[in-house]
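Me: I have a model open here and would like to go through it piece by piece. Could you take a look and talk me through it?

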Amino acid sequence: MNYGDLTLHTDKYQINMMYAHWRNGTDRQKAAFEAYFRKLPFGNGFAVFAGLGRFVEYVRGLRFDDETLRYLAEQEEGYESAFLDKLAGFRFTGDIWSMEEGALVFAGEPLVRIEAEAFEAHLLETALLNFINYQTLIATKAARIRQVAPDDALLEFGTRRAQEADAAVWGARAAYLAGFDATSNLRAGHLFGIPTSGTHAHAWVQMHDSEEEAFRLYAQTFPLQVTLLVDTYDTLRSGVPNAIRVAKWMEDQGWRMQGIRLDSGDLAYLSKEARAMLDQAGLEYVKIVASNDLDENIMLDLKAQGARIDSWGIGTQLITAADQPALGGVYKLVAKERDGEWEPVIKISGNPEKVTTPGAKDVYRIIDRGTGIAIADYVALTDEGDVRSGEPIELFDPAHPYLNRTVSDYEALPMLTPVFRRGELVYGQPDLTAIRSGHRRQLAMFRREHLRKLNPEHYPVYLSVKAWKQKTELIRKRKT
Ligand SMILES: Nc1ncnc2c1ncn2[C@@H]1O[C@H](COP(=O)(O)OP(=O)(O)OP(=O)(O)O)[C@@H](O)[C@H]1O
Ligand SMILES: O=P(O)(O)OC[C@H]1O[C@H](OP(=O)(O)OP(=O)(O)O)[C@H](O)[C@@H]1O
Ligand SMILES: O=C(O)c1cccnc1
């Protein structure tokens, strides 16, 4: 069994729709799908797009091997063998555009657009949403955490609490691209080149007759990078004094202790007391790491209390996005081919938020030329031509039509980048370091009011007048 093969990492109904298309001779009919979410997570003002790296590898690796085909042949649907033969030759041959990882993205705008034969486009939905919903959620959570501790070291400690192995490593990657500094997960380090770091567990101390002996042996083993966990017995009476003794002993050997870690109790009080004790011993250089079910809200509160924490180990709350464990990204058909032409399609719903916006669309980030600051995103139909020409555009918010305005002195940055063209990968994926700096550059383009963690100002996503008219026209048609 190859646990790494993701070809069947899809919902059965996708294969069934592929089969039905094939049986009805419509499998080569083109379809345009868009993936987007309707609501930003955590009440945040933006989300950080992530998941493209894995999606690209998934699309490239889509092959139905013999074992997969044998399994499909056993299904009660009774797929005909000629269909399975077609699957045996499956390759993705369509076009994909996507936001780049690290980009700031917003509700209601396409994050990924896929134009491909219906047969292929259906297959990709489940895995695409699985990857981008999770990774975007974790990257966004990580960005919130980074925001409350802009200058501190952030360590991702979540693996033991993650929703299984994939979530741990891809979550570690998402956290890193949105501003974390290191992960404790060695596999994530190995796979993605993320810096790794580690202290030690309480068990190391418990394995020895005395805490001081445990500390000394650990320090001797890792003289250049030791951080000692000081809360196994009593943080201020035993842990910190023992760490100080060992740090002094290290100085005698010509070494410097890196840090101590606090993992329980009142982290504000303990960090202040520990800092004072370390400083009094002339150990100003020894850093204080804190962990214990931390999130951005507790961290902000700890800072408000004057906590003296240099470095934060964050696990459960980050890797499970505990306050909102799912992002509701969807994948919707926006156009289909008819007689060689694209025809926009709509999905109507009693819930206005769920009515889709027909037609294949591009996203432009409208930048004020005077300030260099992003003022809105603009979603226009792909057949409206290139918005970058600089013509005045009418910014129109369907939810608030009276808030219309026209902008002329702007730069429009196209946000959806070609990733696959006729099945060929045309996107040179940046390495993680470049993605991280791209993310920081993106943040710098936004007003602080849109970025703040609590009650951020809404960043507008406008729809072109043509796209809006097409939508209302289709709603009218479908309702009559
Ligand atoms: N000064 C503080 N202000 C606000 N929250 C804090 C402060 N100090 C610690 N916390 C947080 O309060 C929670 C305390 O959790 P809990 O009671 O389970 O920990 P503990 O009893 O100190 O340690 P443990 O059970 O892990 O031995 C944690 O989320 C921790 O990060
Ligand atoms: O608290 P998190 O943000 O999830 O960070 C990871 C936690 O994992 C370790 O704890 P351990 O597994 O020993 O559990 P405990 O400290 O909660 O008992 C470590 O000491 C952190 O407290
Ligand atoms: O290295 C650490 O201190 C660590 C790693 C994972 C989880 N908790 C702590």
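Me: Let's start with Asp-310: is Asp-310 buried, exposed or partly exposed?

Reply: Asp-310 counts as partly exposed, because 16 C-beta neighbours lie inside 10 Å; the rule is that a residue is buried if 20 or more other C-beta atoms lie within 10 Å of its own, exposed if 12 or fewer, and partly exposed in between, with C-beta atoms placed from the backbone. Please keep in mind that this is a predicted model, in which local features need pLDDT of at least 70 and side-chain atom pairs count only at pLDDT 80 or more, while totals for chains, interfaces and linings use all residues. Residues are numbered from 1 along each chain as its sequence is written, and chains are lettered from A and ligands numbered from 1 in the order in which they are written.

Me: Ok, and where does Asp-310 lie, and which residues does Asp-310 touch?

Reply: Asp-310 lies in the loop between H12 and E11, where helices (H or I, at least four residues) and strands (E, at least two) are DSSP runs numbered from the N terminus. Leaving out residues up to four places away in sequence, Asp-310 touches Asp-152, Ala-153, Lys-287 and Ile-288, a contact being a pair whose C-beta atoms, placed from the backbone, lie within 7 Å.

Me: How far apart are Asp-310 and Ala-107?

Reply: From C-alpha to C-alpha, Asp-310 and Ala-107 are 34 Å apart in space, and 203 residues apart in sequence.

Me: Ile-288 came up there. What stands opposite Ile-288 in the sheet?

Reply: Ile-288, in E10, stands opposite Ile-260. Strand E9 (residues 259-262) and strand E10 (residues 287-290) run parallel and are joined by 4 bridges; two strands pair if DSSP finds at least two bridges between them.

Me: What's the strand order in that open sheet of 6 strands?

Reply: The order is E7-E6-E11-E10-E9-E8, with parallel pairing. Strand E7 (182-183) and strand E8 (227-229) are the edge strands, each pairing on one side only.

Me: And the open sheet of 7 strands, which strands stand at its edges?

Reply: That sheet has the order E13-E12-E1-E5-E3-E19-E20, with antiparallel pairing. Strand E13 (341-344) and strand E20 (424-425) stand at its edges with a single partner strand each, so one side of each is left without a neighbour in the sheet. Within the sheet, strand E1 (residues 30-36) runs antiparallel to strand E5 (residues 112-117), and 6 bridges join the two; Ala-35, for instance, has Val-112 in E5 as its bridge partner.

Me: Switching to ligands. Which residues surround ligand 1?

Reply: The shell includes Ser-264, Gly-265, Asp-266, Asn-292, Asp-293, Asp-301 and Gln-305, where a residue is near a molecule or strand if its C-beta atom, placed from the backbone, lies within 6 Å of it. Helix H11 (267-280) and helix H12 (296-304) are the elements that give two or more residues to this shell, and H12 gives the most, with 3 residues. By class, the shell divides into 5 nonpolar, 4 polar and 3 charged residues; Ala, Val, Leu, Ile, Met, Phe, Trp, Tyr, Cys and Pro count as nonpolar, Asp, Glu, Lys and Arg as charged, and the others, Gly among them, as polar.

Key:
Two residues are in contact if their C-beta atoms, placed from the backbone, lie within 7 Å.
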